[in-house]
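Let's take a walk through a protein fold together.

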Amino acid sequence: HVFLTTTGVYIVVFDMRKMLKEKNEEYLMFWLQSIKLHAPEAPIIIVGTNLMDIESEEDVRELNKVVERLVGAKYPQIVKNFVDKLSFFPIDNKISDGIKLLRTALEQVIRNDKHAIEPVSIKWILLLDKISAKKGSENFLTLANVEQMGADIGIHNKHELLSALSLLHERGMIIHITSTSTLKKIIVVEPQWLVDALSKVIRDGGIHMFNEE
């Protein structure tokens, strides 16, 4: 849930083979409910993978019934697959089947997203450039570091700086959690570093192996 923000477009991916075989509907419901909690109005695209391994069109339609039953009327933000007349997008990465249709739908949703066309100060963009330049050499920056970066490009007001960081966090460009005074002082620029750190504290030892290196 650390990575769920109030804006953006969410893609929920499930393995169609497993859904047909194991009926693991809880997986889909978990993510749909989580997104609804954190981003109640954000568009959601549901994607089913491994289409090549699905034996018949009837199986795809059966999966669509499952998706529609789970979605019901509670998730009006689900992006429909009008071409295939489905509530999800079946794809296969191995043969690129369905990828073009999914990409087109995603581009259309983003074009219609009011947050994607929101005007942004050029100084905020320059701040993002400075922060992004640290990727590869730094996993995170301190708020003091970023305040200095802001001052170098003309952001001297702390409220403006925090507003810029909030926007960049909402867009998924950085991770800046402000729920505690300690977390507020850290700006994560490498999300995988945070994932690795969290996995050392919260993990299922039977599923996720731990490598000391």
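What percentage of the 213 residues of the protein count as buried? The figure is 36%, where buried stands for under 20% relative accessible area, exposed for over 50%, and partly exposed for anything in between (1.4 Å probe, protein chains only). Before going on, keep in mind that this is a predicted model, in which local features need pLDDT of at least 70, side-chain atom pairs count only at pLDDT 80 or more, and totals for chains, interfaces and linings use all residues. Residues are numbered from 1 along each chain as its sequence is written, and side-chain values use heavy atoms, with hydrogens and water left out.

Let's start with the overall view. The protein has eight helices and five strands; here helices (H or I, at least four residues) and strands (E, at least two) are DSSP runs, numbered from the N terminus. If you trace the chain along its sequence, the pattern reads β-α-α-β-α-β-α-α-β-α-α-β-α. Taken along the principal axes, the C-alpha atoms fill a box of roughly 60 × 45 × 30 Å. Now look at the contacts, meaning heavy atoms within 4.5 Å. Among those between residues at least 6 apart in sequence, 65% join residues at least 24 apart.

Next, the strands. Strands of a sheet pair through backbone hydrogen bonds, either parallel or antiparallel. Two strands count as paired if DSSP finds at least two bridges between them. In this model, three strands make an open sheet in the order β1-β2-β3, with parallel pairing. At its edges sit β1 (10–15) and β3, each of which pairs on one side only. Between β1 and β2 (residues 44–49) there are six bridges, in the parallel sense.

Is N81 buried or exposed? It's buried, because its relative accessible area is 1%. Leaving out residues up to four places away in sequence, N81 touches L86, F88, F89, P90 and L101.

Now for the helices. Two packed helices are described by the angle between their axes and the distance between the axes. The axes are lines fitted to C-alpha atoms, for helices over the stretch in contact, and angles run from 0 to 180 degrees between N-to-C directions. Helix α2 (residues 25–38) packs against helix α3 (residues 57–71) at about 40°, and their axes are 11 Å apart. So α2 and α3 are oblique to each other, given that angles under 35 degrees count as roughly parallel, over 145 as roughly antiparallel, 65 to 115 as roughly perpendicular and the rest as oblique. Who meets whom? On the α2 side you'll find E25, L28, M29 and L32, and on the α3 side V66, V67, R69, L70 and V71. These contact residues divide into seven nonpolar, no polar and two charged. For those classes, Ala, Val, Leu, Ile, Met, Phe, Trp, Tyr, Cys and Pro count as nonpolar, Asp, Glu, Lys and Arg as charged, and the others, Gly among them, as polar.

Move along to helix α5 (residues 122–132). With helix α7 (residues 158–170), α5 packs at an angle of about 70°, with the axes 10 Å apart. That makes α5 roughly perpendicular to α7. In this contact, K123, W124, L127, L128 and I131 of α5 meet E160, L161, S163, A164, L165, L167 and L168 of α7. By class, that's nine nonpolar, one polar and two charged residues.

Helix α5 also meets helix α6 (residues 143–152): their axes come within 10 Å and cross at roughly 135°. The two helices are therefore oblique to each other. The contact is made by L127, K130 and I131 of α5 and V146, M149, G150 and D152 of α6, and these divide into four nonpolar, one polar and two charged residues.

I122 is found in helix α5 and is exposed, with a relative accessible area of 57%. S137 sits in the loop between α5 and β4 (140–142), and this residue also counts as exposed, at 54% relative accessibility. The C-alpha atoms of S137 and V189 are separated by 9.9 Å, although the two residues are 52 apart along the chain.
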